[in-house]
Amino acid sequence: MSEGEDHFARLLGRAAMDVWGDMPRDIQEALFETAMKERDGEREDLARLLHARHPRTQHPVKPA
């Protein structure tokens, strides 16, 4: 990714975090899963950060 692309990716990431609680759950899940692809060690940290910033996004666990 070029420096310019990286800059815009960070801007989009921050914007997504700012409006996370306003997004439909399916969009939240798609973004989360895409961001955490091959980053299993960071999943819990990102989930905690998002829930701390947007408590209303604490959805019930999906049935298995």
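The largest nonpolar core of this predicted model has eight residues, namely Ala 16, Trp 20, Met 23, Phe 32, Met 36, Leu 46, Ala 47 and Leu 50. A nonpolar core is here a set of buried Ala, Val, Leu, Ile, Met, Phe, Trp, Tyr and Cys residues joined through side-chain atoms within 4.5 Å, where buried means a relative accessible area under 20%, exposed over 50%, and partly exposed in between, with a 1.4 Å probe and protein chains only. Helix 3 gives the largest share of this core, three residues. In soluble globular proteins, nonpolar side chains tend to be buried together.

Residues are numbered from 1 along each chain as its sequence is written. Because the model is predicted, local features need pLDDT of at least 70 and side-chain atom pairs count only at pLDDT 80 or more, while totals for chains, interfaces and linings use all residues, and side-chain values use heavy atoms, with hydrogens and water left out.

Helices (H or I, at least four residues) and strands (E, at least two) are DSSP runs numbered from the N terminus, and helix 3 spans residues 43-53. Its buried residues are Leu 46, Ala 47 and Leu 50. Seen down the helix axis, these buried residues fall within an arc of 100°, so they line one face of helix 3; the arc is that of the directions from the helix axis to the C-beta atoms. The buried residues of helix 3 pack against helix 1 and helix 2, whereas the face turned away from the buried side carries the exposed residues Asp 45, Arg 48 and Ala 52.

His 54 is buried, with a relative accessible area of 9%. Leaving aside neighbours within four places in sequence, His 54 is in contact (heavy atoms within 4.5 Å) with Met 17, Asp 18, Trp 20 and Gly 21.

Gln 28, in helix 2, is also buried, with a relative accessible area of 3%, and its side chain reaches the backbone oxygen of Trp 20 at 2.6 Å. Met 23, a member of the core, is in contact with Ala 16, Gln 28 and Leu 31 when its neighbours within four places in sequence are left aside.

**Salt bridges**

The structure holds six salt bridges, each defined as a side-chain nitrogen of Lys or Arg within 4 Å of a carboxyl oxygen of Asp or Glu. Side chains of opposite charge can pair when their charged atoms come close. The table lists some of them.

| Pair | Closest N to O |
|---|---|
| Asp 6 and Arg 10 | 2.4 Å |
| Glu 29 and Arg 25 | 2.7 Å |

Asp 6 and Arg 10 both lie in helix 1 (residues 3-19), four residues apart, about one turn of the helix. Asp 6 is partly exposed at 33% relative accessible area, and Arg 10 is partly exposed at 39%. Glu 29 and Arg 25 are likewise four residues apart, in helix 2 (residues 25-35), and are separated by about one helical turn; Glu 29 is partly exposed at 28%, and Arg 25 is partly exposed at 28%. An α-helix has 3.6 residues a turn, so residues three or four places apart point the same way.

Arg 43 is partly exposed, with a relative accessible area of 26%, and Glu 33 counts as partly exposed at 41%.

**A loop residue and model confidence**

Glu 38, placed in the loop between helix 2 and helix 3, has a phi near 60°, a positive value in a residue other than glycine. Glu 38 is exposed, with a relative accessible area of 77%.

The mean pLDDT (the predictor's confidence in each residue, from 0 to 100) is 88 for the protein, and 86% of its residues reach 70 or more. Where pLDDT is low, the predicted coordinates should not be read in detail.

How values were computed: A polar contact is a pair of N or O atoms within 3.5 Å; within protein, one must be able to donate a hydrogen and the other to accept it, and residues adjacent in sequence count only if both atoms are side-chain atoms.
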